[in-house]
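Trainee: I have a new model open and would like to walk through it with you. Could you help me get my bearings?

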Amino acid sequence: MGKRIDQLIASLSEVFEGEPWYGESVMRKLENVSYIIGDKTCLPESHNVAQIVAHLISWKNFAIEKLRSNGSFNIKIDSKQDWPEVEVQSRKDWEDLKHELVVAQNDIYDFLKDKSDHFLDEKVAGRDYTYDFLLKGIIQHDIYHLGQIGLIQSQLKNQEKHSGVFKS
């Protein structure tokens with residue numbers, strides 16, 4: 001490994017399960033979201049938290065396929081592959097979905113652990129950008145959707161603050 005790839009792995013980890021400067025990481029935020037609101041949303045026809053988590057999984061799996069040099073793998077924007085249908089009916093469903101997200105993130109770490117800095121400058125199979133660009137995009141994607149999850153959580157918390165759904 002090299003300095004750049006070590007820094008990239010550290011950034012992936014910080015955003016996903018660490019302590020980023022801006023507040024909660026993805027997993028810390030999801031730990032504070034009850035399965036009861038997994039399928040709720042603030043506005044009709046907007047995505048709920050469970051759908052956002054499934055979407056994050058889809059794009060982490062996209063990154064994994066690209067890391068494995070699968071040039072033919074693609075996700076069409078706004079397709080069912082981009083936004084999979086998911087239902088969270090129980091605490092187990094919610095924990096399973098979060099576990100799937102962790103597995104996808106760990107697959108990225110496992111792939112990168114033996115790579116050198118030079119790897120980051122290589123072109124992604126079937127794309128016109130580098131692995132460095134792809135992996136920084138995964139970080140940005142996590143942060144973007146982390147903000148959405150926080151907004152949904154805060155809006156629903158205001159609507160249901162006396163329902164016992166949210167932890168104090």
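Mentor: Let us settle one term before we begin: helices are DSSP runs of H or I with at least four residues, and they are numbered from the N terminus. Please also keep in mind that this is a predicted model.

Trainee: What does Ser58 touch, leaving out residues up to four places away in sequence?

Mentor: With those neighbours left out, Ser58 is in contact with Ile75, Gln81, Asp82 and Pro84.

Trainee: Switching to pockets, how much space lies in the largest pocket?

Mentor: The largest pocket holds about 210 Å³ of space. Its lining is made up of His55, Trp59, Phe62, Ile77, Asp82, Tyr129, Phe133, Leu134, Gly137, Ile138 and His141. The elements that give two or more residues to that lining are helix H3 (49-67) and helix H6 (131-159).

Trainee: Which helix gives the largest share of the lining of the largest pocket?

Mentor: That is H6, which supplies five residues, the largest share of the lining. Sorted by class, the lining of the largest pocket has seven nonpolar residues, three polar ones and one charged one.

Trainee: I see some rings in that list, so how many aromatic pairs does a search of the whole structure find?

Mentor: The search finds six aromatic pairs. One of them joins Trp59 and Phe62, a tilted pair with 4.9 Å centre to centre and 55 degrees between the planes. These two residues are three apart in helix H3, so about one helical turn separates Trp59 from Phe62.

Trainee: How buried are Trp59 and Phe62?

Mentor: Trp59 is buried at a relative accessible area of 15%, and Phe62 is buried too, at 3%. The rings of Tyr129 and Phe133 also form a tilted pair, because their centres are 5.3 Å apart and their planes meet at 45 degrees.

Trainee: What about the accessibility of Tyr129 and Phe133?

Mentor: Tyr129 is partly exposed, with a relative accessible area of 22%, whereas Phe133 counts as exposed at 55% relative accessibility.

Trainee: Let's move to the core. How many residues does the largest nonpolar core have?

Mentor: The largest nonpolar core has 44 residues, and those with the most contacts inside it are Leu30, Trp94, Leu101 and Leu112. The elements giving two or more residues to this core are helix H1 (3-17), helix H2 (26-31), H3, helix H4 (91-112), helix H5 (117-120) and H6. The largest share of this core, twelve residues, comes from H3. In soluble globular proteins, nonpolar side chains tend to be buried together.

Trainee: What does Leu30 touch, again without residues up to four places away in sequence?

Mentor: On that basis, Leu30 touches Val49, Val53, Trp94, Lys98, Leu101 and Ile149.

Trainee: Last one: where is Val102 found?

Mentor: Val102 belongs to helix H4, and with a relative accessible area of 25% it is partly exposed. Not counting residues up to four places away in sequence, Val102 touches Phe16 and Met27. The C-alpha atoms of Val102 and Ala50 are separated by 14 Å, while the two residues are 52 residues apart along the chain.

Terms used
Residues numbered from 1 in each chain as written. Predicted model: local features only at pLDDT ≥ 70, side-chain atom pairs only at ≥ 80, totals over all residues. Heavy atoms only, no water. 1 Å grid on protein atoms, 1.4 Å probe; cavity = no way out; pocket = protein on both sides within 12 Å on 5 of 7 lines; lining within 4 Å. Points joined across faces, edges and corners; volume = space filled by probe spheres on them. Nonpolar A, V, L, I, M, F, W, Y, C, P; charged D, E, K, R; others polar. Core = buried A, V, L, I, M, F, W, Y, C linked by side-chain atoms within 4.5 Å. Buried < 20%, exposed > 50% of the residue type's maximum accessible area, 1.4 Å probe, protein only. Contact = heavy atoms within 4.5 Å. Phe/Tyr/Trp six-rings, centres within 6.5 Å; stacked < 30°, edge-to-face > 60°.
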